[in-house]
Every structure is written in structure tokens, then in C-alpha cells.
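Keep the sequence and the model at hand as you read.

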Amino acid sequence: MITFQKYVKVQSLDEAYELNKTRKNRIIGGMMWLRTGRGSVNTAIDISGLGLDTIEEDDEEFKIGAMVSLRKIEKHEGLNSYSNNAVQSAVKDIVGVQFRNMATVGGSIWGRFGFSDVLTVFLAMDTYVELHNAGIVPLSEFVNMKRDDDILVRIIVKKTPIKISYSAVRAQRTDFPVLACAVSEFDGMYKTTIGARPGKAILIKDEDGIMAAGITSDSAKAYADYVASHTPTDSNLRGSAEYRTHLTKVLTERNLLRIGGIE
Amino acid sequence: MIDINLTLNGKKISDQVDADSVLLDFLRDHDCYSVKRGCETSNCGLCTVLMDGMPVLSCSMLTVRADGHSIQTLEGLQEEASSFVGFIADQGADQCGFCNPGFVMNTIALLRENPDPTDDEIRAFLAGNLCRCSGYEGQLRGIRNYLNSRVKE
């Protein structure tokens, strides 16, 4: 069980950043994961009063505040229209509606959790994170950065024309995924993200140009094999490494055929 | 201790709470015993309450975050619930009944958001409410019968 000695609802990001420099203090998001932890936190830093619970959309990008709930991105018409409902597909089976009303995008992305559907889908898009201290960083870089005392402020999704499809395998609805997969094509490059490997999501680009001639049944199969051969998997109680590698091939091929309009 | 002011089932309440107190405990301390303690890991839906009309899990909600908000529990929504709970009871949907208040609270939220849901929409919305006695079909039949009865009216 986690305990807090103090609670501060901060008035500014600077105040939160200063407080977060102390190792025993913690930023709190939706409290879904933190609640299951153990130990004592000195000061719980609440950023929920900073107006970061909105999604701003203009012609070029979506700016998703760190405190936006998963339910909000699930129901956001613009984001789902842009992503061909990939965002909705990624979050709809995360526990239940009540959970998704509380869990935040910032918490999901900052945590860089292995099981994260949210990280998997946004990593396959033209996505950046806005950090209070470090500024704007591509999500593909952020995912491999060490956790520090910075604060994730927003997720920025560029409206780069994209084709994307998301799917995951779960032993049961509402459980963690056994494997999560998103396939996208933008800027002339096919990209696949594999999450719940069970390690954190990994981004595999078509560096060998397997898809250069477009999506066909044969190229999709070859690309799926390529992705599987570049994706480290491991075993846990939800599935073996071999099963996950098999799922990587199946889901990659299936998503690819879907964005190609073949399936 | 931290001062909070909130509205609980229409009644204004002022109190002092610990920094790490969760809403579930606060509500039970204020005689809202419909709010059940289940998994305490945000998975089972037993502790569902409405915060500003939105279903949330009180086991994982810090009480201080309810400051300035409106909280509703089943104690405050008896009339709204009475329109459909009889249909669920008629199906013998619950055995022990422990999950029932959470189910009812989330069903209220569902019907406010989507007054005419399909069976798949009902299943999806209530997926975060676990029942260890039943197979969920009884609850689904009960809600479906309620919706069908409304159409006849």
C-alpha cells in the first residue's frame, strides 16, 4: 500500500517541477497504477488544477494534455477520425469505463509500461511529448529515455497523413494484452509497434524496403516475418515468448492488410 | 489533515481528510454503505460512484480530489435506479448481491450517456464490473427487458 505524508495541488508547472526534484515526492496522474504500489511518498504532487485535461486540435496537430483521461481520447471524434479509430481500438478494452475515466494519457505515456496499449498506438503515429524542462521530444526517443524528475506536460500528435491499424490479443476483455500491435504508414515509411512483448513497446521500421512495392499478400507476410525477427519477446504468465513471436507475425500481417484495404 | 468541501448526494459536506485517504473510505465513513470494498486495485467496479455524473472507482480516487465536486452514491439515486433494478432482480441475476450497487451505478451512467444501447454496448460499458457468482447474462437480460419495456410504453 502506498502512503502520502503531504498533498499539494500545485498552481504552476514550475512549482511542480521544483517539488518533483525531491526524490521522495511523486507526481500523481490518475492514481491507477500508483495506487497498487507500496511505500511512502513524502509529497503527492497534483497537477490536475493546471488545465491539462483538454485536447486542443488545429489544422496541424492534436495537443493532448497530460491529465486527459483515456475515456476522453476514446471518445474524441477528431483524434479517432484521424487515426481511423486506432486510438479507440487501443483503449476500449483497458479495464472498464470507470477506470478509463480516471487513468490519464500522461500517466500511461510517462510510465512507459510494458503492457501499455496507449504507448503502443501513439508510438506508431507522428507523436511527440512536451516535457517541462527538456522541451519537445519525439516519442520514439522518449520511450528509451531514463525516468528523471521532468514533467510530461502534453502529448503532441502531428496530423501527418497516415494509414494506421491497431489490434491486440487479450486472454480476456479488460485484462492486460498478451501482445499489442499497431501498423502505420506515413512519410513513405511503414512502421510497426509491438507492445506487451511483455517489455515496453518497440518501434520497427521497414528499413529494408520490403514494402516498397506496396501491400500485397506476399509483401505483408514478408514484412510480418521481418518485424517478428526484429522484436525481442519474453515469457510471463500471459504467454510464452514463442507465442508472442507468433502473434507478432499474425497481428502485423493482419494490420498491414487492413490498412491496405485487402482484409 | 486537509480541508475539503464537497456535495454528497445533494448535501454539502465539509470535513478534514488525510493526504492519502481514498474516497471509498470517506464515503463509508459518511454512511454510504452501498459503496463496497472489493479488489482495491481498480479492477472490479464494486466501489463505483458518480463524480460530477461520471462513473469513477472510489477505491483509487483520493478524497482530496473530490474537493469542490459532486459525488453520488446509490443512496442518493434510489429513484433513478428503481426504474430498472426490478428487471435485474426478476432474472435472478445476482446471487450474493455484493457487486450489485456497482453494477447499478454504472448502468445509471450508461443509460444517461446512451439511453438506447445495443447488447454489445451494454457489455462494453459494464465490462469493468466484475461478478463472481453469475455469468453476466442475467444482468444483460434484465437491462434488455427494461429497455424493451420502455419501448412498449
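In this predicted model, 28 residues of chain B are in contact with 26 residues of chain A, where contact means heavy atoms within 4.5 Å. The two chains bury about 2,100 Å² between them, and carbon and sulfur atoms give 57% of that area; buried area is the accessible area (1.4 Å probe) that two parts lose on being put together, summed over both. On the chain B side, B:Asp20, B:Ser60 and B:Arg65 supply 26% of the area that chain B buries against chain A, more than any other three residues.

A word on conventions: residues are numbered from 1 along each chain as its sequence is written, while chains are lettered from A and ligands numbered from 1 in the order in which they are written. Local features need pLDDT of at least 70, side-chain atom pairs count only at pLDDT 80 or more, and totals for chains, interfaces and linings use all residues, with side-chain values based on heavy atoms, leaving out hydrogens and water.

Between chain B and chain A the count is 4 salt bridges, each a side-chain nitrogen of Lys or Arg within 4 Å of a carboxyl oxygen of Asp or Glu. A salt bridge links the side chains of B:Glu113 and A:Lys75, at 2.6 Å from N to O.

Now turn to chain B by itself. Its domain assignment (bounds from an automatic or database assignment) gives domain 1 (2–75) and domain 2 (76–152). The C-alpha centres of these two domains lie 22 Å apart, and 17 residues of domain 1 are in contact with 17 residues of domain 2. Together the domains bury about 1,400 Å², 64% of it on carbon and sulfur atoms. In domain 1 of chain B, B:Leu46, B:Leu50 and B:Leu74 lose the most area to domain 2, together 39% of what that side buries. How many salt bridges does the rule find across this domain interface? The number is 0.

The structure holds 2 cavities of 30 Å³ or more. On a 1 Å grid over the protein atoms alone, a cavity is a set of points where a 1.4 Å probe fits but cannot get out, and lining residues have an atom within 4 Å of a point. Grid points are joined across faces, edges and corners, and a volume is the space filled by probe spheres set on the points.

The largest cavity has about 40 Å³ of space. Residues of chain A and chain B line this cavity, including A:Met1, A:Phe4, A:Arg35, B:Asp20 and B:Leu62.

The second largest cavity has a volume of about 30 Å³, and among its lining residues are B:Leu46, B:Thr48, B:Leu74, B:Pro101 and B:Met105. Two elements of chain B, β3 (48–51) and α4 (100–113), each give two or more residues to this lining; helices (H or I, at least four residues) and strands (E, at least two) are DSSP runs, numbered from the N terminus. Why does this cavity lie between the domains of chain B? Domain 1 (2–75) and domain 2 (76–152) both give residues to its lining, so the cavity lies between them.

Finally, look at the backbone of chain A. A cis peptide bond joins A:Arg197 and A:Pro198, with omega about 20°, and A:Pro198 lies in the loop between β11 (189–195) and β12 (202–205). A:Val95, in the loop between α4 (86–91) and α5 (97–102) of chain A, has a positive phi of about 50° although it is not a glycine.

Terms used: On a 1 Å grid over the protein atoms alone, a cavity is a set of points where a 1.4 Å probe fits but cannot get out, and a pocket is an open set with protein on both sides within 12 Å along at least five of seven lines; lining residues have an atom within 4 Å of a point.
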